[in-house]
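Reader: I am new to protein models and would like to learn how to read one feature at a time. Could you take me through this one slowly?

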Amino acid sequence: MPRRRKIIIDTDPGIDDAMAILFAAAHPGVELLGLTTVHGNVSVKDATRNALRVCAVGGFEALPVCVGAAQPLVGRARYARHVHGGDGMGDVPAGRWRPPRPDPRSAVEFIAEQVKAAPGRVTLVPIGPLTNIARFLERHPRLAAKVQEVVLMGGAAFYAGNATPVAEANILCDPEAAARVFASKLKVTMVGLDVTDTTTLSAADFDRIARRSPGPGGFLRRAVRCYIDFYRRERGKAGCCMHDVCAVACIVAPKLFELRTGRIRVHLEGFMRGGTVVQPPDRNYDAEGWGRLPPQRYAADADRPALRRLFSKTMAAAG
Ligand code: BDR
Ligand code: CA
């Protein structure tokens, strides 16, 4: 039996974030160490409340939830309540549930502590803007080499953006942070829109999951309604994207992905701001500083039906 992968999910829940967290918690190949929260789909305050709620829904209330950055490195936070609902979680009434206090450690402190405790064995899974990861690099530069890897949802290699024609939402929310992460000593895998924008789940898929898993599955079935509506209204899709789930899936089932190597840069100016640029396969450039950048990995393609099955099967067993 291979060792379970120790992961920290850095998140801005977010409906697909909730899907990813519940999927990670239910997967036997994952040891979920904690959640760190960040501005993104909603304010960091709401993201933290939503993260605590997901823990309650999943029955893992003891999991550390540590608060991270409220604002990007440059500029102001921009939210996506039109995608994820006013509360970021599909506006599903919380009933008598009241959020407990989050963990007293900051997101960066928590990440540093876990990496020191298990050098080379902690994987960071950012599924929101990369502000916390950039701050971690700034405060603990020497710990970067001790992170096993970073598998993030964000960006696009050769695919249009979802927030602007060139930018994916997580990267657009903090392009400076993303640029630092891709240029750092961290071993990064970018799971971006090339895969996630075309990996979808329908309302019927969630109905089936909820029948097998009335707790977490039942919650997701209610929360995804507004997310599915958004994709129908804005994109003409018959289901919602499982963006953030794909990053977790890339850790537990890397064989389902076609992973390629290429240097990655982020546009920081003008109407291209937030766009990711990836060195195409079989090309090498020395000009404009490309040669100095570390090669990273990105997901070029994936077995989408298998990803859907993996999520549904794992969630059905979640109880
Ligand atoms: C990403 O943006 C957010 O809205 C989602 O939660 C996901 O992390 C997709 O572009
Ligand atoms: Ca997210």
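Reader: Where does Asp282 lie?

Author: Asp282 is found in the loop between strand S12 (276-278) and strand S13 (296-302), where helices (H or I, at least four residues) and strands (E, at least two) are DSSP runs numbered from the N terminus. This is a predicted model, in which local features need pLDDT of at least 70 and side-chain atom pairs count only at pLDDT 80 or more, while totals for chains, interfaces and linings use all residues. Residues are numbered from 1 along each chain as its sequence is written, chains are lettered from A and ligands numbered from 1 in the order in which they are written, and side-chain values use heavy atoms, with hydrogens and water left out.

Reader: Is Asp282 buried or exposed, and what is its phi?

Author: The general idea is a scale of relative accessible area, on which buried means under 20%, exposed over 50%, and partly exposed in between (1.4 Å probe, protein chains only). Asp282 is exposed because its relative accessible area is 82%, and it has a positive phi of about 65° although it is not a glycine. Glu288 lies in the loop between S12 and S13; its phi is near 55°, a positive value in a residue other than glycine, and Glu288 is exposed, with a relative accessible area of 68%.

Reader: Which peptide bond is cis?

Author: The peptide bond from Pro13 to Gly14 is cis, with omega near -5°, and Gly14 belongs to the loop between S1 and H1.

Reader: Which residues are around ligand 1?

Author: A residue is near a molecule or strand if one of its heavy atoms lies within 4 Å of it. Around ligand 1 are Asp16, Asp17, Asn41, His84, Ile127, Met153, Asn162, Glu168, Ala169, Asn170, His243 and Asp244. H1, helix H6 (169-173) and H11 each supply at least two residues of this shell.

Reader: Which polar atoms lie close to the oxygen atoms of ligand 1?

Author: A polar contact is a pair of N or O atoms within 3.5 Å; within protein, one must be able to donate a hydrogen and the other to accept it, and residues adjacent in sequence count only if both atoms are side-chain atoms. A polar side-chain atom of His84 lies 3.0 Å from an oxygen atom of ligand 1, and a backbone N or O atom of Ile127 lies 3.0 Å from an oxygen atom of ligand 1. In the side chain of Asn162, an N or O atom is 2.8 Å from an oxygen atom of ligand 1. Taken alone, ligand 1 exposes 290 Å², and the protein buries 96% of that, with accessible areas from the Shrake-Rupley method with a 1.4 Å probe and, for residues, only the protein chains shown counting as cover.

Reader: Where is Asn170 placed, and which backbone oxygens lie by its side chain?

Author: Asn170 is in helix H6, and it is buried because its relative accessible area is 8%. A polar atom of the Asn170 side chain lies 3.4 Å from the backbone oxygen of Ile127, and a polar atom of that side chain lies 3.0 Å from the backbone oxygen of Met153.

Reader: How far apart in space are Lys237 and Ser202?

Author: Sequence separation and distance in space are read side by side. Lys237 and Ser202 are 35 residues apart in sequence and 9.2 Å apart in space, C-alpha to C-alpha; Lys237 is in the loop between helix H10 (216-235) and strand S9 (240-241), and it is buried, with a relative accessible area of 18%.
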